[in-house]
Amino acid sequence: MTDYEIDSDGAYRIPASYDVAPEHCVKCGTVGNLYKHGTKTTVYVDAPVHGRQTFIEVKRARYRCRDCGGTFMQDLPDMDDSRRMTVRCREYIAAQALLKPNTHVADDVGVDEKIVRQIGKENAAVLLEDHAINIRAPRILGLDELMLGGEMRCIIVDIEDSWPIELLPSRDQGAVHRFLCTIPGREEVKVVAMDMWKPYRAAVHHAMPQAIVIVDKWHVQRLANDAMETARRRFQGLLEARDRRELKKGRKMFLTRPFNLSPMEQMNLDGWLKNTPELRGAYEAKEGFMDIWSCRKSETAKAALDDWRTSLPAHLRPVFGPVLTATKNWETEILNYFDHGRYTNAATEARNRVIKMTNRLGAGYSFPAIRARTLFGKRPGRVKKEKAAAEVARKAAMVQCDICKALFGPAIIEINHIRPIRHGGTTEVSNRQMVCPNCHRLHTEDWLKPVHDSTPLSE
């Protein structure tokens with residue numbers, strides 16, 4: 001930009017004109033019988049430049065037709081006349097509306113929030129239409145649910161690239177079953193990771209009978225952590241009921257404020273409770289259950305699980321009841337983890353957190369708006385993938401040294417004769433090699449020794 005000004009609000013104001021005259025009348029179609037009939041300055045909003053709102057003030061010509069007498073304004077390509085903005089600005093708003101709250105985009109661009117909402121809705125409709133045509137089941141699929149707008153929704157994620165392929169309005173078995181039965185490529189799904197919800201399992205078994213169902217290990221391990229927390233709270237309640245004067249001095253400092261402890265105090269309390277006879281059994285049971293996931297095969301994991309259930313003391317069975325029930329009802333799906341890729345639903349849970357955060361930032365978003373942001377927002381790792389692709393392209397353009405095998409830029413690599421010409425070498429291709437400068441120097445020095453009693457590297 002060479003001719004512009006910055007107004008009192010810090011926005012760019014850029015004067016412009018379009019010097020291409022129309023060839024025909026837009027009303028009657030007459031060619032070559034037009035004349036100018038004044039001008040009018042129209043202000044168009046452009047995408048932000050250097051972080052500033054940008055407005056283009058276009059001096060626009062009006063034309064009159066000599067045949068029909070009609071007047072019309074000069075047509076401006078790359079301008080959205082219906083919204084008085086550039087096409088570039090409209091595309092910028094459409095992209096940013098998938099990543100930021102509408103109010104933030106409106107403030108950045110300098111338009112009303114209603115305009116951002118309209119453009120975002122139109123763009124989402126186009127994207128969702130293409131998505132419905134191109135959607136395909138991933139090889140490794142994750143199922144989970146989240147609360148949005150007061151209702152439980154179902155999210156379906158491609159675990160291999162950590163990105164959602166669909167957000168269903170309901171997690172009911174019927175909705176999930178219909179989706180899984182109609183998605184293209186469902187027969188290619190190898191593994192489905194999920195939490196312990198029977199409708200999901202029933203839907204997957206019917207729609208994708210070839211898929212291996214794996215229960216997310218974090219959901220199972222969380223049951224053991226909850227059991228340990230229950231045991232600890234019960235024991236703390238008993239301690240609080242005792243006369244504190246009977247407690248030893250070393251214990252009292254940790255139990256005076258049991259529910260309002262500093263991190264250091266909590267860590268010390270955890271260590272003390274772990275070594276307390278009343279809680280030692282619960283702690284050891286929890287740790288023993290966690291150790292099952294260090295097994296490498298399902299056979300050893302099953303043996304470890306059976307031993308854990310058998311060795312669990314009777315007084316701890318009520319506390320670890322949810323763990324015992326879950327491992328009984330979902331044993332096959334839990335053990336599938338060890339033999340089928342050790343997949344978890346961590347990627348699905350991560351997307352859940354992002355979706356909930358998006359919902360909080362844009363209070364009042366409709367479900368279609370959240371769905372569009374979920375499916376088409378900024379992918380995690382996009383910059384990482386771009387850098388990886390650039391690195392692959394850079395290495396593809398490099399040349400390998402024939403001696404040290406390292407990669408170098410084409411400008412650095414030198415052509416060298418394996419046997420120097422002065423020592424009887426020829427200029428044939430078979431006597432040439434591509435070498436880096438360091439190997440070239442060492443190779444040459446080796447051949448030119450006063451006493452040639454060593455074999456060159458290339459030989």
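This is a predicted model: local features need pLDDT of at least 70, side-chain atom pairs count only at pLDDT 80 or more; totals for chains, interfaces and linings use all residues.
**Sheet order.** I started with the strands. I found an open sheet of 5 strands, ordered E10-E9-E8-E11-E12, and its pairing is mixed. I then looked for the edges: strand E10 (163–168) and strand E12 (212–215) each pair on one side only.

**E8 and E11.** Which way do strands E8 and E11 pair, parallel or antiparallel? I get the parallel sense, over 3 bridges, between E8 (residues 140–148) and E11 (residues 191–194). For a landmark I noted isoleucine 140, which stands opposite valine 191 in E11.

**Helices on the sheet.** Next I looked at what lies across the strands. Helix H4 (residues 173–182) lies across E10 and strand E9 (151–158), and runs at about 130° to E10. Helix H14 (residues 367–376) lies across E8, E9 and E10, with an angle of about 165° to E10.

**H3 against H14.** I followed H14 to its contact with another helix. The axes of H14 and helix H3 (residues 113–134) come within 10 Å and cross at roughly 60°. The two helices are therefore oblique to each other. I logged the crossing of H3 past H14 as left-handed.

Which residues make the contact? From H3 I listed Ala124, Leu127, Leu128 and His131, and from H14 Arg371, Ala372, Leu375 and Phe376. Sorted by class, I have 6 nonpolar, 1 polar and 1 charged residues in this contact.

Definitions and conventions:
Residues are numbered from 1 along each chain as its sequence is written. Side-chain values use heavy atoms; hydrogens and water are left out. Two strands pair if DSSP finds at least two bridges between them. Helices (H or I, at least four residues) and strands (E, at least two) are DSSP runs, numbered from the N terminus. Contact means heavy atoms within 4.5 Å. Axes are lines fitted to C-alpha atoms, for helices over the stretch in contact, and angles run from 0 to 180 degrees between N-to-C directions. Angles under 35 degrees count as roughly parallel, over 145 as roughly antiparallel, 65 to 115 as roughly perpendicular and the rest as oblique. A crossing is left-handed if the near helix is turned anticlockwise from the far one by less than a right angle, and right-handed if clockwise. Ala, Val, Leu, Ile, Met, Phe, Trp, Tyr, Cys and Pro count as nonpolar, Asp, Glu, Lys and Arg as charged, and the others, Gly among them, as polar.
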